[in-house]
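Work through these exercises with the sequence and the 3D view side by side. Try each task before reading its solution.

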Amino acid sequence: MDKFRMIFQFFQSNQESFMNGICGIMALASTQMYSAFDFNCPCLPQYNLAYGLGILLVPPFILFLLGFVLNNNISMLAEEWRRPRGRRGKDPAVLRYMFCSMAQRAMIAPVVWLSVTLLDGKCITCAFCTSVPVETLGNASHPRLSQGEVQRLLARIPCKEIYNGQQLIANEVAVRYLRCISQALGWCFVLLMTTLAFLVRSLRPCFSQAAFLKSRYWSHYIDIERKLFDETCAEHARSFAKVCIQQFFEGMSTDLVAAHCHLPRKAPADAGEAAEKLLGITDQGTMNMALKSWHRCKPPLHLHPPAQPTGNGWAGEGQPSTHPSASRKETAAYYSWV
């Protein structure tokens, strides 16, 4: 368990590098998926367009959603967006920065899929084979055919083994024409994405450096605060369970002493240390109130102690405490949760 915990902590401390690696693996997987995918155009006028565009656009959308699903920060973003304002305001700029950072990583695999698909040309050939300009590329001396017959012949262009319209237009000519258009679109798409990535990564901080630094700082703060809160809750739960189990066995030991006159055993030395880590929260109802208070009314982002401590917002209905020791305990409990 210690090894798994160390691995988990390593991934948490290097989350950004880990997510970049995941995005790179997804991009590589998308190219392998396309290479292994058996592309079979239906070669029917009413289905070619839907099949070609579906293969071109649906997998990138799925990969884009997977990029968000595999990102641990999506739940943190949703939590920060939906939480009540309480005593801490919500900055839309920070939320936009967090969303844009996740979207940039999630777009890597879809962009790779679209680029590879367009450069290969099969999807565009299947989707738009019925739009080939027969008057320009075909045989003008061919006997006149109805529009439906022409569409049926052109729809078979991707299926070379069943194409029987060589007299109308050569299969190789039509395929080369559509593949040339597809590759031109592919390289234009690659150039566009590269230019946008350059502008976003290089020029955005130059126009609003102060706002960029502020958004990046508070996005890091939200991430670190959540991790520390989870660690504190885990440590508190461990101490709570330890004291609860110790009290159970102490009660059993007392019953055995009363029944069989056994000598009572001394309490473990670390029992007091575990009880101190509970910070005065020793029952389920109080813990639930503390967690609900953290969600509804997170503490404000200032580290100056208040002049007159008023509690933590959920104990004692926020009434000021008059006893000095109680005030010190409330202040210590307050900062332990922050």
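Helices (H or I, at least four residues) and strands (E, at least two) are DSSP runs, numbered from the N terminus. The model is predicted: local features need pLDDT of at least 70, side-chain atom pairs count only at pLDDT 80 or more, and totals for chains, interfaces and linings use all residues. Residues are numbered from 1 along each chain as its sequence is written, and side-chain values use heavy atoms, with hydrogens and water left out.

**Exercise 1. The overall fold**

Task: State how many helices and strands there are in the protein chain.

Solution. 
- Step 1. Count the elements: the protein chain has 14 helices and 0 strands.
- Step 2. Turn to burial, where buried means under 20% relative accessible area, exposed over 50%, and partly exposed in between (1.4 Å probe, protein chains only). Of the 338 residues, 30% count as buried.
- Step 3. Check the contacts (heavy atoms within 4.5 Å). Among those between residues at least 6 apart in sequence, 76% join residues at least 24 apart.

**Exercise 2. The disulfides**

Solution. 
- Step 1. Apply the cut-off: a disulfide is a pair of cysteine sulfur atoms within 2.5 Å. The structure holds 2 of them.
- Step 2. Take C41 and C126, with sulfur atoms 2.1 Å apart. The torsion about their S-S bond is about 75°, so this disulfide is right-handed.
- Step 3. Check burial. C41 is buried at 12% relative accessibility, and C126 is buried at 0%.
- Step 4. Take C43 and C159, with sulfur atoms 1.6 Å apart. Their S-S torsion is about 85°, so this disulfide is right-handed. C43 lies in the loop between α2 and α3, C159 in the loop between α9 (147-155) and α10 (171-207), 116 residues apart.
- Step 5. Check burial again. C43 is buried at 5%, and C159 is buried at 9%.
- Step 6. Number the bonded cysteines in sequence order: the pairing is 1-3, 2-4.

**Exercise 3. The largest nonpolar core**

Task: Which residues of the largest nonpolar core touch the most other members?

Solution. 
- Step 1. Define the set: a nonpolar core is made of buried Ala, Val, Leu, Ile, Met, Phe, Trp, Tyr and Cys residues joined through side-chain atoms within 4.5 Å.
- Step 2. The largest core has 16 residues, and F39, C41, I55, L56, W113, L118 and C123 touch the most other members.
- Step 3. Assign elements: α3, α6 (108-120) and α7 (122-127) each give two or more residues to this core. The most come from α6, with 4 residues.
- Step 4. Follow L118. Leaving aside neighbours within four places in sequence, L118 is in contact with L56, I124, S182, Q183, L185, G186 and F189.
- Step 5. Look apart from this core for another, of 13 residues, among them V132, V134, A174 and V175.

**Exercise 4. A residue on helix α3**

Solution. 
- Step 1. Locate I62: it is in helix α3 (residues 48-69).
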